[in-house]
Amino acid sequence: MIRLNLSNRPEWLDLLPGLRVLVAPLTTALMVSARADPAIDGLSETSSQEDMALAMAKAVARRAVLEWDGVGDEAGNLVPISPAGIDALLEIWPVFEAFQAQYVARGLMLDQEKNASAPSPTGPSAGATAIAPPAQAPARTAPQD
């Protein structure tokens with residue numbers, strides 16, 4: 001069963017102690033937009049799964065993160081939110097992991113929930129493909145007493 005959250009309000013996520021981000025709802029439009037991000041298009045076919053995951057997380061975060069608390073520069077001065085800042089924030093492994101788990105994974109969970117097997121429209125094996133060669137008819141032998 002898919003559990004719908006019909007709220008369109010942003011929510012705060014606590015990523016690390018002292019670090020939180022305000023994110024927009026994870027919608028289809030946001031995910032489609034992130035998939036069309038130039039950084040995603042720029043990946044080569046030989047890019048690793050890790051490179052693709054990081055590029056996608058950054059693309060999603062640049063669209064979803066509306067505000068943040070607890071992000072500062074080397075001198076401890078608060079840093080205003082920016083696309084480059086969001087990318088830099090996600091380069092920090094624990095931040096990336098927390099963002100993936102608390103925000104991106106929710107979208108993936110919904111995708112898995114709707115991904116159950118359903119029967120084919122014309123029967124349970126209508127869409128199946130044969131994987132074994134057809135059986136040969138047994139050779140005829142003389143009747144046994």
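When I say two residues touch, I mean contact, that is, heavy atoms within 4.5 Å. Okay, quick housekeeping: this is a predicted model, with local features needing pLDDT of at least 70, side-chain atom pairs counting only at pLDDT 80 or more, and totals for chains, interfaces and linings using all residues. Numbering runs from 1 along each chain as its sequence is written, and side-chain values use heavy atoms, with hydrogens and water left out.

Let's start with Val-95. You'll find Val-95 in helix 5, residues 93-113; helices here are DSSP runs of H or I, at least four residues, numbered from the N terminus. Is Val-95 buried or exposed? Buried, at a relative accessible area of 1%, where buried means under 20% with a 1.4 Å probe, protein chains only. Leaving out residues up to four places away in sequence, Val-95 touches Leu-15, Leu-16, Leu-19, Leu-89 and Leu-90. Take Leu-16: it sits 79 residues from Val-95 along the chain, yet their C-alpha atoms are separated by 6.9 Å.

Now, helix 3 and helix 4, the latter being residues 83-90. Their axes come within 9 Å and cross at roughly 140°; those axes are lines fitted to C-alpha atoms over the stretch in contact, with angles from 0 to 180 degrees between N-to-C directions. On the helix 3 side, the contact is made by Leu-54, Ala-57, Lys-58, Ala-61 and Arg-62, and on helix 4 by Pro-83, Ile-86, Asp-87 and Leu-90.

Last stop, Ser-47, in the loop between helix 2 (38-41) and helix 3 (49-64). Ser-47 is buried too, with a relative accessible area of 16%, and its side chain reaches the backbone oxygen of Ser-44 at 3.0 Å.

Technical notes
Helices (H or I, at least four residues) and strands (E, at least two) are DSSP runs, numbered from the N terminus. Buried means under 20% relative accessible area, exposed over 50%, partly exposed in between (1.4 Å probe, protein chains only). A polar contact is a pair of N or O atoms within 3.5 Å; within protein, one must be able to donate a hydrogen and the other to accept it, and residues adjacent in sequence count only if both atoms are side-chain atoms.
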